[in-house]
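Please look over the sequence and the structure shown below.

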Amino acid sequence: MRSTELTRRGLLTATVGAAALGVAACTSHDPIEADEAVHVGPDDELPVETSPADIPTDPPVVTGEFASAKMAGRNTRWAVARPRGVTGELPVVIVAHALNTNEKSLFRPSMNMQGALQKYVDAGNPPFALAAADVGRNYFHLRTDGSDGAAMIIDEFMPMLDENPELNLRIDRIGLYGWSMGGYGALRIASILGPQRVASIAVSSPAMWADPLMFPPRAFDSFADYQANSLFGQQHVFKKIPLMISIGSSDQFYTYTRQWAADLHPPAAFATTPGGHTNRFWRSVMDDQLEFLGRELAHRTD
């Protein structure tokens, strides 16, 4: 994790387009304290699903739960989809969900990722499975309540997938997918596992804040927490991991995402089309993301 102290001047110098986002110019070299954070900026709060639609059953989605020590002991639900008509052990793409959604959200009709996967496999492409676990509002790092969504996925969920003979999945090299909060989560999990374990990443509208003056408390508990877990300054970690980033041109995280991606070397596959921070946009780019994930995952797991 990054340990370099951020200063007002250093941060704002690095923040391209900050003035357009309404960040006031600062000239002090003093570190920004936690209580100086202004809890405004891009909003990743999606509407809560009060009456979730039933999950399509073609292909079927298997669900379960386990008691998670990494999530402060609470029962943690999970969901897995394998394409039908495929037997044998499959590689898996771990799905990181958005804020106010859960492990089932990506499988519901508004997104139906398992249906898109089935279409992809039926076209003759190499198969893989999808697996998601519920992190609630954790934001995929250690929080003051003792929960840590990324640790749960790496240390508990992935081993459970590997050990479950009915699921018949392999986790030696995985793909990662996420949207909004989960876009950040997928990137953070990849930064921990590294290229030895991660074959490819595809994210939509990753929720990332370049400026600690604008981070919300739902994402980071303090300035120190932001310093420890922000992915700005960590782009070098992705040097050897194929990465696809998709974001709508009117998405509230567009400027931060472009800024972050500009420091990736080699560059990511960056796709921008008209759209916002919505299911409609995320579904519109899903076929391309599945193709990217499948191609890299198949190549890396042969």
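Two residues are in contact here when heavy atoms of theirs lie within 4.5 Å of each other. The model is a predicted one, in which local features need pLDDT of at least 70 and side-chain atom pairs count only at pLDDT 80 or more, while totals for chains, interfaces and linings use all residues. Residues are numbered from 1 along each chain as its sequence is written, and side-chain values use heavy atoms, with hydrogens and water left out.

The chain has 302 residues, and 56% of them count as buried; buried means under 20% relative accessible area, exposed means over 50%, and partly exposed lies in between (1.4 Å probe, protein chains only). Among contacts with a separation of 6 or more, 76% are between residues 24 or more positions apart.

Eight helices and eight strands make up the secondary structure. The eight strands form an open sheet of mixed pairing, in the order β1-β2-β4-β3-β5-β6-β7-β8. At its edges are β1 (61-67) and β8 (269-273), each of which pairs on one side only; two strands pair if DSSP finds at least two bridges between them. On average, neighbouring strands of the sheet are turned by 20° against each other, direction ignored. Strand β3 (residues 90-96) runs parallel to β5 (residues 169-179), and six bridges join the two. Val93 has Gly175 of β5 as its bridge partner.

Helix α2 (residues 113-122) packs on this sheet, where it touches β1, β2 (75-81), β3, β4 (129-133) and β5, and its direction makes about 165° with that of β4. Such angles run from 0 to 180 degrees between N-to-C directions, and axes are lines fitted to C-alpha atoms, for helices over the stretch in contact. Helix α3 (residues 149-163) also packs on the sheet, touching β1, β2, β3, β4 and β5, at about 130° to the direction of β5.

How enclosed is α2 by the rest of the structure? Eight of its ten residues are buried, so α2 is largely enclosed. Among the buried residues are Met113, Leu117 and Tyr120. After α2 comes Gly124, with a positive phi near 100°.

Helix α3 meets a further helix, α4 (residues 181-193): their axes come within 9 Å and cross at roughly 65°. In this meeting, Ala150, Ile153, Ile154 and Met158 of α3 face Arg188, Ile189, Ile192 and Leu193 of α4.

The largest nonpolar core has 94 residues, and those touching the most other members are Ile94, Phe157, Leu161, Tyr177, Ile201, Trp209 and Trp260. Such a core is a set of buried Ala, Val, Leu, Ile, Met, Phe, Trp, Tyr and Cys residues joined through side-chain atoms within 4.5 Å. Helix α3 gives the most to this core, with eight residues. Beyond its neighbours within four places in sequence, Ile94 is in contact with residues including Ala131, Phe157, Leu161 and Tyr177.

Arg137 lies in the loop between β4 and α3. Its relative accessible area is 41%, so Arg137 is partly exposed. Leaving aside neighbours within four places in sequence, Arg137 is in contact with Glu45, Leu99, Asn100, Arg143, Met181 and Arg218.

Definitions and conventions
Helix = DSSP H or I, 4+ residues; strand = E, 2+ residues; numbered from the N terminus.
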